[in-house]
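This briefing concerns a model of two protein chains. Please examine the sequence and the structure before reading the notes.

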Amino acid sequence: MVLSKKVDKWVKKDRWIASLSNGETIFEDCRPINPTWERLAEYVDKHDLSITQLRVQIGGLEVKLPKNQEGYIQKKKAWTTGATGGCKLCVGYVQGGLAAIHELSSDRSSTTVYVKDPGEPWVIYNSEIRERLHIDNMFKLKD
Amino acid sequence: MSTTIQWAGGAGTPVIQPAASGGLNTCGFFGSAFGFSIRVGEFNNTTYRTTADGTTDGGALPNLRWANSSGAYVASELVATELLEVSNAEATLNVLLTTDNAVKTQNASLRAFDRVAINNNPSGVTIYAAEIAKDSAVRGSGDVSWTIIAGSGSVLSLADQTTDDFTEHNYYIGLSATPTSIGEKTNLAMYFETEFL
């Protein structure tokens, strides 16, 4: 599984950075394969890891999310009116079924929205929650 | 990441140019032919790519005319077609999201607004919209019925595309317009947004 553990040629200036429970740091990359977030989800699942913190560097600013949440969210939002348009980098975290998501633009504007936990693949849960979800799914399959 | 959103007719042509171009950047609804008006309470018989002032014929876009809550007259047909039987190429618009990396999308939506603020209703016109999703002979899986879209109060939600990762995501949208008063209507624009991984 290919991930950037340091700033290399695949890592752009505007990016998210995930700190993992084994001390590793993963940088969002732009490899022409599936999204980094998906690869990270596979990686933490395979090695039974959690994201301990997620931060974003955009427009020369860094935004840090609270540590050790139940799960972290990452997605992009593209929009257009025909006259104007853009792309926002959205990061957030989940607690108790709710999500706080910060929508950040490279012009340094930001909006925070509170929504229901959107679930996987948008959320990468910590290992404890993932284990619980897997057990729940096993019971559902048995039903 | 380089991300673009392109607006075009259902078959991918003609491409509606970005507004900043000052060129053929508008989807215009007309009566029986280009430049002809639509009577109050009636619906578009033709749809064209045009300029912001609606004076230049930039080529026909596929026309869908509202027939009933779940049907449309496709092009010049006299018998209504169920929205689920309208093909992608017959949709008024094809909105194409292109990304560098293959991605999944969710929460895509389209809204009509007054060109001032995306939360405002369009002025002097009612817009009916439906997602079209029929790319084969099989019955489509888009919207069964039309939705009146108006500002943030009523938006057209488009299906999530999460089964696999792609660098191109296409959305096909049927639109039909009816004026609520006489006179040219220019306080109308479309806003599209989508989320992706």
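The model is predicted: local features need pLDDT of at least 70, side-chain atom pairs count only at pLDDT 80 or more, and totals for chains, interfaces and linings use all residues. Residues are numbered from 1 along each chain as its sequence is written, and chains are lettered from A and ligands numbered from 1 in the order in which they are written.

**Overall form of chain B**

- Chain B has 14 strands and 0 helices, where helices (H or I, at least four residues) and strands (E, at least two) are DSSP runs numbered from the N terminus.
- The radius of gyration of chain B is 16 Å, close to the 16 Å that the globule rule gives for 197 residues, so chain B is as compact as a globular protein of that length. The radius is taken over C-alpha atoms, and the rule is 2.2 Å times the number of residues to the power 0.38.
- Along the principal axes, the C-alpha atoms of chain B fill a box of roughly 45 × 40 × 30 Å.
- Of the 197 residues in chain B, 45% are buried. A residue is buried if 20 or more other C-beta atoms lie within 10 Å of its own, exposed if 12 or fewer, and partly exposed in between, with C-beta atoms placed from the backbone.
- Among contacts in chain B with a separation of 6 or more, 65% join residues 24 or more positions apart. Two residues are in contact if their C-beta atoms, placed from the backbone, lie within 7 Å.

**Strand pairing in chain B**

- Strand 1 (residues 3–8) of chain B runs antiparallel to strand 9 (residues 93–113) of chain B and is joined to it by 6 bridges; Gln6(B) stands opposite Leu96(B) there. Two strands pair if DSSP finds at least two bridges between them.
- Strand 1 of chain B also pairs with strand 2 (residues 15–16) of chain B, in the antiparallel sense over 2 bridges, and Trp7(B) stands opposite Ile16(B).
- The hairpin of strands 1 and 2 of chain B has 6 residues between the strands, and Gly12(B) takes a positive phi near 95° in this hairpin.
- An open antiparallel sheet of 3 strands in chain B has the order 3-4-5. Its edge strands are strand 3 (26–30) and strand 5 (60–61) of chain B, each pairing on one side only.
- Within that sheet, 2 bridges join strand 4 (residues 46–50) of chain B to strand 5 of chain B, with Tyr48(B) opposite Ala60(B).
- Strand 6 of chain B pairs with strand 7 (residues 71–74) of chain B over 4 bridges, and the bridge partner of Trp66(B) is Ala72(B).

**Contact between the chains**

- The contact takes 19 residues from chain A and 25 residues from chain B.
- On the side of chain B that touches chain A, strand 1, strand 9 and strand 14 (189–196) of chain B each give two or more residues. Strand 14 of chain B supplies the largest share, 8 residues.
- Strand 5 (residues 71–80) of chain A pairs with strand 14 of chain B in the antiparallel sense over 5 bridges, and Ala78(A) stands opposite Thr194(B).

**Nonpolar core**

- The largest nonpolar core has 77 residues, and those touching the most other members are Ile73(A), Ile124(A), Leu110(B), Ile127(B), Ala129(B) and Ile173(B). Such a core is a set of buried Ala, Val, Leu, Ile, Met, Phe, Trp, Tyr and Cys residues joined through C-beta atoms within 7 Å.
- Not counting residues up to four places away in sequence, the residues that Ala129(B) touches include Leu110(B), Trp146(B) and Ile173(B).

**Helix 1 of chain A**

- Thr36(A), Trp37(A), Leu40(A), Ala41(A) and Val44(A) are buried in helix 1 (residues 36–46) of chain A.
- Seen down the helix axis, these buried residues fall within an arc of 140°, so they line one face of helix 1 of chain A. The arc is that of the directions from the helix axis to the C-beta atoms.
- The elements against which they pack include strand 3 (51–58), strand 5 and strand 9 (123–125) of chain A.
- Just after helix 1 of chain A, Asp48(A) takes a positive phi of about 50°.
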